Amino acid sequence: MKQHRNLPFFVPHAGCPCLCVFCSQGKITGKGCAEKDLQTELLELDTLLRQSADKGDNVQLAFFGGSFTAIEPHRRKALLELAHRYIKQGSVSSIRLSTRPDCLSKEILDELAFYGVTDIELGVQSVSDDVLLASGRGCTAAQCEAGCRAVVADGRFNLGGQMMIGLPHSTLDSEIATAKAIVAYGANQARIYPTVVFADTELYDMALDGRYTPLCLSDAVSRTAACAEIFIDAGVTLLRIGLHASEELSEAPFGATHPAMGELVMARVFQNRIERQINHDISGKNLYIYVPNGDVSKLTGHGGTPIAYLKNKYHPLSVTVRQADLPYMTVRVEVKE
């Protein structure tokens, strides 16, 4: 049986009309930012796709790292044409890409659909104009909404909304508003990225001179969890929480650098849902927590933070975690003497 997976191909910083204060694409992706000549880039893509085809994989090619729809039309078309050849051969199922919400048009959407693009992820980041301006995004909240709605109205694509936690001037309220807006715009996929401050970025300089306060781990987890719950409750698939673990991530001087941010956030989501079902003091009792099959580690992994929190709050407390046939991210609790 063929293995289905995403196959990322990075075009770092390609096409971006401005430099966001947090941007360090080379460190985020683990790839160099220097733009290659087109023939070199096509050779690398062809090699990647051919090696995947030789393994018998069934992959979705993903163009990440830059604003794909803003790169030079001849370069964009060449990359898409090469990928489309592998779609016709059957070794690539479709194409996913990330871009800016203000870099779309009817003509571009027609081109993407023709070459087999099925998933478009838009870097919304925030729907607060104040946050977007302070972050150097170069677009407005109205443009973010227009881009998202254009993708959905077209009817040929899945929309993914990408947002960030802890940007300059951002608050929990503005982040919750962003998550709710992405849902309202019609996204069925989302990514949440707590801000990481890399050296040699404007955000790093802002942190050093006091113009920006980086996220601590606790704030990053709690604020991200609040937004994650909005997506989960709306049935929006969370594709990713936090940056991929890498040497560059571990070396970032400030921000949400934990290599398992997604697991910490999901554990906090469960913790929040457990607490909402406990409406009285259960000190001295036995607490039984039922989670979906396969999700026990979300409560017990990384030191079992949610369990430790509950035991400390309701000391003394006995906690037992069990699997049950429950819907995704659903939790049920029982309190016994």
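In the predicted model, the charged end of Lys-336 sits over the ring of Tyr-288, 5.0 Å from the ring centre. A second contact of this kind involves Arg-332, which lies over the face of Tyr-290 at 4.3 Å from the centre of that ring.

The strands around these residues were examined next. Tyr-290 stands opposite Arg-332 in S12. Strand S10, residues 286–292, pairs with S12 in the antiparallel sense, and five bridges join them. Both strands belong to an open sheet of three, ordered S11-S10-S12, with mixed pairing. The edges are taken by strand S11 (318–324) and strand S12 (332–336). Each edge strand has a single partner, so one side of each is left without a neighbour in the sheet. Direction ignored, neighbouring strands of this sheet are turned by 20° against each other on average. In a regular strand, side chains alternate between the two faces of the sheet.

Parallel pairing was found elsewhere in the chain. Strand S4 (residues 117–125) and S5 pair in the parallel sense over six bridges. Within this pairing, Gln-125 stands opposite Met-163 in S5. Six bridges also join S5 to strand S6 (residues 189–194), and these two strands run parallel. Here the bridge partner of Gln-162 is Arg-191 in S6. Strand S5 spans residues 158–165 and is mostly covered. Seven of its eight residues are buried.

Aromatic contacts were then considered. The structure holds four aromatic pairs. One of them joins Phe-9 and Phe-63, whose ring centres are 6.2 Å apart. Their planes stand at 90°, so the pair is edge-to-face. Phe-9 lies in strand S1 (residues 4–10), and Phe-63 lies in strand S2 (residues 58–64). The pair therefore ties together parts that are 54 residues apart in sequence. Phe-9 and Phe-63 are buried. Together with Phe-68, these residues form one aromatic cluster.

Phe-114 and Tyr-115 form another of the pairs, with ring centres 4.9 Å apart. The planes of Phe-114 and Tyr-115 meet at 85°, so this pair is edge-to-face. Phe-114 has 58% relative accessibility; exposed means over 50%, so Phe-114 counts as exposed. Tyr-115 has a relative accessible area of 7%; buried means under 20%, so Tyr-115 is buried.

A search of the whole structure finds zero disulfides. Cys-227 is in no disulfide, and the nearest cysteine sulfur, that of Cys-144, is 15 Å away. Cys-227 is buried, at 0% relative accessibility. Cys-103 is buried as well, with a relative accessible area of 15%.

Overall dimensions complete the description. The chain has 13 helices and 12 strands. Buried residues make up 51% of its 337 residues. A compact globule with 337 residues would have a radius of gyration near 20 Å. The chain has 21 Å, which agrees with that expectation. Along the principal axes, its C-alpha atoms fill a box of roughly 70 × 55 × 40 Å.

Key
Residues numbered from 1 in each chain as written. Predicted model: local features only at pLDDT ≥ 70, side-chain atom pairs only at ≥ 80, totals over all residues. Heavy atoms only, no water. Disulfide = S-S within 2.5 Å. Buried < 20%, exposed > 50% of the residue type's maximum accessible area, 1.4 Å probe, protein only. Phe/Tyr/Trp six-rings, centres within 6.5 Å; stacked < 30°, edge-to-face > 60°. Helix = DSSP H or I, 4+ residues; strand = E, 2+ residues; numbered from the N terminus. Lys NZ or Arg CZ within 6 Å of the ring centre and 35° of its normal. Pairing = 2+ DSSP bridges. Axes fitted to C-alpha atoms, helices over the stretch in contact; angles between N-to-C directions. Rg over C-alpha atoms; globule rule 2.2 N^0.38 Å.
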